[in-house]
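Please have the sequence and the structure open as I speak.

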Amino acid sequence: MGETGAVTRRGLRSLALLWRRARGLRVVTPFGPRTRRAALRLVFFAPALLLLVFLVVYPIVQTVFLSFVGPGGQPTLGNYRTVLSDPDTLNPNWFSWPPPLGTLIHNGLWVAIHLPISVLFGLWLALILRDVKGASIVKSAIFLGMVTPMIVGGIILQFLYESGPGIVPAFFGAVGIKSLDISWLLYRQTSLLGLIFGSIWLWTGFSLIVYSAGLTTIPQDYFEAAKIDGTPPLRMFFRITLPLLRPMTLVIVTMTLLWELKIFDIVYAAEGKTGGTAGSANVLSLQMYLYFVTGKYGPAAVVATLLTVMTLFATAWLFRRMVRKT
Amino acid sequence: MSSGGADYVPPKTSGRLIAIIVALLIVTNVITAVGVYYGTAPKAAGETITVIGPWASTEMQKFLPVLSAFTNSTGIKVSYNILRQEDLKLVLPVQFAIGRAPGDVIFMTSSFIKENGPGGNATDLTGVVDKSAYAAGALDPVTGTDGKIYGAVYTGKVKPGFWYRQSFFTAHNLQPPTDWISFTNLLTQIKGISGIVNPIVSGDTDGWPLSDMTEHFIATYGGASMHRNLTAGTEMWTSAAVHDIFANRIVPLLAASDFSPPLKWDSTALNGWWANQYALYFMGSWITGMVPDPTDLRVFSLPPVSGVTPGVVFGADYFFIPKYTTKLDAAKQLLRYLASKDGQTVQVKQGGHIATVLGIDTNAYPPVDRVVAQTLTGKDVLPDLDDTKGDPFQANFWSQLKALWTSADPAGDLNTILAAIQSKA
């Protein structure tokens with residue numbers, strides 16, 4: 001911090017000198033290469049710094065501040081009480097199925113179900129497509145889900161799950177499971193799980209591509225040496241492939257986790273602003289949006305703050321692990 | 001010359017260069033800012049005003065003749081922009097906060113106008129809108145808590161009851177019901193007809209058709225007074241009287257699969273109903289503009305019970321002038337026209353609309369709308385409950401009704417659902 005301050009001071013001083021020099025004024029104070037470097041750094045750093053301060057730091061500080069301000073402008077913890085006691089956040093009967101269980105639990109379910117499946121599925125696909133001819137076509141097809149806007153993904157899910165035109169209910173109807181031959185996104189029993197499972201294909205492309213790239217960085221010598229030693233394939237996977245893919249795994253897990261915590265668009269597009277029937281697929285970001293559009297800015301700021309804290313902790317923990325292990 | 005970037009020493013001329021670059025950046029930014037400001041700022045001169053409304057497609061085509069008629073009579077041009085009211089709820093507060101408005105006359109929910117009027121974002125129209133042109137109480141939904149009028153009522157749509165195809169009823173020898181028993185008998189009869197999926201189709205999983213239908217049950221069996229009290233919040237959704245209407249009228253029909261599950265798209269419901277997969281469709285009077293043959297349409301209300309004064313929900317369209325319009329006089333002229341007999345006559349002639357101002361010649365209506373307009377006669381006219389209350393009640397109401405409609409045990413879930421509705425009332 002002290003060093004940054006000194007650099008900034010030096011930079012500002014140098015800028016003033018440069019300005020005087022540019023105007024043809026006589027510059028009394030000589031400045032050496034170190035000062036010029038500082039000035040240059042400041043010039044190039046300033047735009048990014050300004051953008052960060054105004055577009056990231058200021059809104060975050062303002063949001064946190066707003067979360068502690070009541071409707072009359074007075075400082076309060078009431079917004080936190082409102083949000084945390086709202087049945088939309090945590091349903092008092094959250095042990096009972098079907099949903100709504102509360103947005104906190106719903107986001108937790110997204111992480112618990114979507115994260116492992118999409119990561120492992122991507123890894124599995126990357127492994128089986130490693131040495132396959134024409135695999136890039138298959139990978140591109142799978143990656144299409146990733147480049148599809150999530151709002152479009154949500155609309156696609158509406159069609160997939162709608163009884164009648166939808167392929168999912170039709171499949172279950174055809175195999176005789178009539179209880180699942182329904183409009184999945186309409187019923188409380190199936191809406192949340194439908195969205196989670198339905199979004200796996202949208203996200204798997206990400207882990208597939210990152211793992212595929214990671215696999216190409218593992219030297220073939222390792223596998224050949226292991227083969228000569230008679231190591232079984234499963235052991236090779238756990239002892240060579242998986243450990244060497246650790247940096248990729250951490251990137252994928254981090255990005256997926258962040259996506260799941262702040263998930264909004266796919267839920268909004270598929271389930272509308274209430275997050276499904278009786279809020280059965282509601283998530284924190286959508287809850288924040290609903291607070292916002294109904295003029296409850298304090299509670300909206302609370303949810304935003306909670307989301308920021310959660311993502312911050314998750315990211316910090318994962319990055320620390322990544323730095324430590326690598 | 002050193003090889004490392006860290007040892008790089010800029011030549012002496014770089015100071016001047018940097019100063020020039022910074023100066024250029026500042027100058028170009030100022031030019032851009034000025035250009036953007038004057039390029040997008042509303043022009044003071046020229047009388048083209050902007051109307052924002054929710055109607056698109058055929059509904060828009062039926063509204064544009066009204067604006068053309070206004071232009072012909074005043075010379076003021078009108079530009080019509082489509083924006084859904086759900087989107088306006090997001091756009092307007094932000095625009096108002098910076099003292100701007102996206103339109104000069106805006107169609108919006110009465111709850112929004114009522115809230116934003118006293119809040120200083122809507123023009124006070126007391127004295128501009130002719131109260132006597134409307135039925136008593138028609139302007140109440142846009143009258144602020146300070147007693148001032150902040151909006152006007154355009155035409156509206158009645159939600160008279162269950163629509164059916166006369167040809168289908170004739171083919172199967174069905175009769176509109178006269179009491180509750182004959183209504184349930186009719187549903188049983190319909191269920192026995194080959195090709196019928198459910199007797200009543202429930203449209204659009206957004207939830208508003210369910211709320212319209214529920215309101216009709218309340219206005220019929222709880223009466224207009226219960227509907228008004230629920231709107232005002234003086235009656236609880238968990239009260240015994242409200243509970244009984246759900247438990248004795250709606251839940252038994254749900255349990256007997258008389259209603260279809262809510263269908264995702266309006267068109268699916270409409271097409272299925274028109275193809276005789278469903279016999280009855282609860283919808284507003286705008287349905288007359290949505291079917292291939294309106295002459296085959298008939299409608300019946302739920303049969304009333306003695307001792308209860310039934311009401312009929314009339315979903316009016318409200319509009320207001322934002323405080324930040326730069327063309328107040330022209331906007332007021334348009335507002336007066338839309339709230340006049342002349343303006344509304346042009347609109348009702350297009351079909352699908354019912355006038356709110358008094359004294360419209362019934363001959364102005366197309367035949368099918370004339371029948372709908374007559375259903376209002378002698379009935380207590382009610383504003384749409386959830387439109388009047390707005391969010392968060394409205395979204396929650398729709399969502400909870402979907403839960404009731406899709407519940408495997410509607411009777412068992414009823415209390416929880418009514419309590420959830422009450423929690424946002």
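In this predicted model, 24 residues of chain B are in contact with 23 residues of chain A, where contact means that the C-beta atoms, placed from the backbone, lie within 7 Å. On the side of chain B that touches chain A, the elements giving two or more residues are α1 (14-40), α3 (85-97) and α14 (393-406) of chain B, and the largest share, eight residues, comes from α14(B). By class, that side of chain B has 12 nonpolar, six polar and six charged residues, with Ala, Val, Leu, Ile, Met, Phe, Trp, Tyr, Cys and Pro taken as nonpolar, Asp, Glu, Lys and Arg as charged, and the others, Gly among them, as polar.

A word on conventions: residues are numbered from 1 along each chain as its sequence is written, and chains are lettered from A and ligands numbered from 1 in the order in which they are written. Local features need pLDDT of at least 70 and side-chain atom pairs count only at pLDDT 80 or more, whereas totals for chains, interfaces and linings use all residues.

Helices (H or I, at least four residues) and strands (E, at least two) are DSSP runs, numbered from the N terminus. Within chain B, strand β7 (residues 278-283) has six of its six residues buried, that is, with 20 or more other C-beta atoms within 10 Å of a residue's own, C-beta atoms again being placed from the backbone. Pairing requires at least two DSSP bridges between two strands; three bridges join β5 (residues 161-165) of chain B to β7(B), running antiparallel, and Phe162(B) stands opposite Phe282(B).

Technical notes:
A residue is buried if 20 or more other C-beta atoms lie within 10 Å of its own, exposed if 12 or fewer, and partly exposed in between; C-beta atoms are placed from the backbone. Two residues are in contact if their C-beta atoms, placed from the backbone, lie within 7 Å.
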